[in-house]
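Subject: Structure handover

Hi,

Here is the structure you asked for. My notes follow below it.

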Amino acid sequence: MRWLLLAFVAGVTAVSNISWKIHEKRSELPSGWTRARKHVSTSIIPLRIALTQPTSFEEIDSYLNDVSHPDSPNYSQHWTADQVAEKFAPANDTIDAVRAWLMASGIDSNRIQLSPGKGWMHVANSTTAEAEKLLRAEYYVYIHDTGVEHVATESYHLPSHMTTHVDFVMPTIHFDAKVPRKNEPATNGLLSKARRSASSWCAQLTPACLQAIYGIPNKPGAVSKNSFGIVEYTPHAYHQKDLDMFAKTLSPKLVGKSPKQISIDGGFQQTKLNGSSYNFESSIDLTYGMALVGPEQPVTLYQVGDMVQTSNFNSFLDAIDSFYCIFENGDASTDAHFPDPKPGGYKGPKACGTVKPTNVIATSYLIDEASSSNLYLGRQCLEYGKLGIMGVTVLYPTGDHGVEGNSGCLTNNDSKTKIFNPAFPATCPFVTAVGGTQLVGGTTREVAWSGSGGGWSNQFGLPAYQSNAVKSYMKHHQHGYSAEIWNSTGKSRAIPDIAVAAANYWFALNGKWIMQDGGTSTSVPVLGAIITLVNDARIKAGKRPVGFINPAIYSKGFENAFNDITSGNNPGCKTKGFKTAAGWDPVTGVGTPKFKQLVEAWLKLR
C-alpha cells in the first residue's frame, strides 16, 4: 500500500559532470496566488533541508496503531519523546552525504547546522542568489488575492546522488502561508437573544445547549494531571473584555478567567488590528473551549508568531518538538526567521522544543492540500503521527466550503473542469478531521451543515482504521461524478472522521453579541473540550490519556458512541457535493459524540 499517491516530474540535466534532477515542480500555482516580482538577490533565504528518514508511513502507522487501536495489548502505552527521536533519526550516511554536497557547493561548514533529532539541516544566512545557484531555481514573491505575500519557487533541482538523502527543501514550491478565509461567517446579534437561547434549548448554540446535546459534564476532577491546548496565530487575538462579556451571561464562573498563554516566536494578544478578521477565531475558540471544560480546568493558549512575519504549522511544530526544529537556540522555518530585524519584529530566539504539548491540541486553521507538495505534506503528517505515538490528540477542521476548499475549487488545466479541493492537515491520516452539523428549528436534532468540508485526499492513501467504513460508503452511494473531479479510486484517505455542531454559535466580539453563521473551525475546540473531559475520566480511573483517537472511533466497541447523521450534503464546485448516509459518510464522518457512551467505551480500554 502506498500512502503518498502523487509523484512529481523528474528530468535530468548534466552540468560540470554532475547529473541534476528536478526534485519538485509545480504545474500550476495554487488558487488565489499570482507571481508578483523577482525576489531580491541579496535577501536572506533560510534554507531548511529535510533529510530522508529510515521509517516509512507504513511503519509509523504500525507504531501508532500499536498504542492506539483498542485491540492492541499495548493500548495507551505511549512513547517518550526520546524514544520517538531515536526511532526516526536519519542514517549517518545521509547526514554525511548532504553535508558534503553543501560544502562542495561552497558553503562553509560553520554555516551548516543539524537539528538535535538529526531530521533537518539548515544553511545559515543563505542569500537568494546562493539558494538559486545551489538548487538551480528562481525565487519570486507571490501575492494572494487577500494581499498576503509569500516567497517561493516553482521548481528546484538536486544532484541525482542527493535525491535518496533529501526529502525536500524549504522554502521552495510550498504555499503554506496563512490566508484569511473567503468569508468571515459572523453577523450582528442581540444580547437579549443570547440570554434567551441559554435557557430555551438551542435556537442558537450556547455552552448549555452543547452540554445538553452531547451530554457533556461540567465538573472535571483530574485537572492537575490533565491539559487542553488551543492554537492561534497572530494577528488573530482575543480581548479579555469579550471573554468576560460572554462569561457573565452564559458561563458566570468564567468571569475574569483567562487562558494560560504560551508565546511562540513572539506571539501576543495584539490590539492594533481589530474586527472579525482578527478577533473572531480566537474569541469563539477560547470562549467555547474554556466554557465546556469548566473554570477548574486550565486551557493553554499557544499564541504563535509576531505581527511582522507569517507563521505556519511548522512554527508550532518547531516549538513543541526540538527534534523537528533545526537547532537548539533558534532556526529558520519556511517563512519565519528569528530574531526578526524588521521594525516591530520579535527579537528573541526562535521557539525550538521549548513548549510541552498538551494532551489535546485543537487548531482551527487549515490550508488547501494542493498548496504544498506531497513530500512536504507527508513530512509534516509524520510529525503529527509522532505526536500521536506520544499520546497527543491532534484535531483539525475540514473546512467551511463543502468540497471546494478554502481558496476555491482546483481547475484541470486542459478541460478547465472544477476539481474538489480537500483541506490539510485534515487529510493527514494521523490527525482527527472534524466536520460540522447544524440543528433543526431550535431542536436538538442534527443534520449536516452544508459547509462541512469532506471528501477524499489527493495525496494520502486509505488508512486501515477507516478502510471498511469508506469502502462500504463507496459501494452503496454513487454520486455520478466524473473521476476527473474527485479521487474516486477508493484507495485514499477520506474526511471527516467525526463531526460536531458548527452553525449558529453565540459569542462576544469587540463588545457586541455575534451569531456565527457556521464553521468547522468552531467544531474543533468543542470536540477538543469533549476529548479533554474523556481524558479527565480516564485519568481519575488511573488510566492514561486516549492519544490518537481514530482507530478507536472506527472500531466495533464505539459503534453506539455517536449520533448517526443521515440528512444533508456538502455542495461546492457547482455540484451537490457528497451525501450523508447511515454509518460513516464524507460530510459528518462517524457522526457526533455521545459523551457518556464515549467515556464508557474508553474506560473499558487499558
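At what angle do helix H9 and H10 pack, and how far apart are their axes? The angle is about 35 degrees, and the axes are 12 Å apart. H9 covers residues 313–320, and H10 runs over residues 374–389. The crossing of these two helices is left-handed. From H9, the residues in the contact are Phe313, Asn314, Leu317 and Ile320. They meet Tyr376, Gln380, Glu383, Tyr384 and Leu387 of H10. Sorted by class, this contact has six nonpolar residues, two polar and one charged.

Before you go further, please note that this is a predicted model. The mean pLDDT for the protein is 87, and 90% of the residues score at least 70. Two stretches need care. Residues 1–16 have a pLDDT below 50, with 47 contacts in the model beyond near neighbours in sequence. Residues 182–200 are also below 50, with 46 such contacts. Where pLDDT is low, predicted coordinates should not be read in detail.

Helix packing around H12

H12 spans residues 520–540. It packs with H8 and with H14.

Take H8 first, residues 276–293. The axes of H8 and H12 come within 9 Å and cross at roughly 25 degrees. Angles under 35 degrees count as roughly parallel, so H8 and H12 are roughly parallel to each other. Their crossing is right-handed. On the H8 side, the contact is made by Glu281, Ile284, Asp285, Tyr288, Gly289, Leu292 and Val293. On the H12 side, the residues are Ser521, Thr522, Pro525, Val526, Ala529, Thr532 and Leu533. By class, the residues of this contact are eight nonpolar, four polar and two charged.

Now H14, residues 595–603. H12 and H14 pack at about 45 degrees, with their axes 10 Å apart. That angle makes H12 oblique to H14. This crossing, too, is right-handed. H12 brings Ile530, Ile531, Leu533, Val534, Ala537 and Arg538 to the contact. H14 brings Phe595, Leu598, Val599, Trp602 and Leu603. The tally here is 10 nonpolar residues, no polar ones and one charged. Leu533 of H12 is listed in the contact with H8 and in the contact with H14.

Disulfides

The structure holds two disulfides. One of them joins Cys381 to Cys428, with an S to S distance of 2.0 Å. The link is right-handed, with 80 degrees about the S-S bond. It connects distant parts of the chain, 47 residues apart. Cys381 sits in H10. Cys428 is in the loop between strand S20 (423–424) and strand S21 (432–439).

Backbone points to check

Most residues other than glycine have a negative phi, and most peptide bonds are trans. Here are some exceptions.

- The peptide bond from Phe424 to Pro425 is cis, with omega near 10 degrees.
- Thr234 and Pro235 are joined by a cis peptide bond, with omega about 15 degrees. Pro235 lies in the loop between strand S12 (228–233) and helix H7 (240–250).
- Asn504 has a positive phi, near 70 degrees. Asn504 is in the loop between strand S25 (498–501) and strand S26 (505–509).

Best wishes

Key
Residues are numbered from 1 along each chain as its sequence is written. This is a predicted model: local features need pLDDT of at least 70, side-chain atom pairs count only at pLDDT 80 or more; totals for chains, interfaces and linings use all residues. Side-chain values use heavy atoms; hydrogens and water are left out. Axes are lines fitted to C-alpha atoms, for helices over the stretch in contact, and angles run from 0 to 180 degrees between N-to-C directions. Helices (H or I, at least four residues) and strands (E, at least two) are DSSP runs, numbered from the N terminus. Angles under 35 degrees count as roughly parallel, over 145 as roughly antiparallel, 65 to 115 as roughly perpendicular and the rest as oblique. A crossing is left-handed if the near helix is turned anticlockwise from the far one by less than a right angle, and right-handed if clockwise. Contact means heavy atoms within 4.5 Å. Ala, Val, Leu, Ile, Met, Phe, Trp, Tyr, Cys and Pro count as nonpolar, Asp, Glu, Lys and Arg as charged, and the others, Gly among them, as polar. pLDDT is the predictor's confidence in each residue, from 0 to 100. A disulfide is a pair of cysteine sulfur atoms within 2.5 Å.
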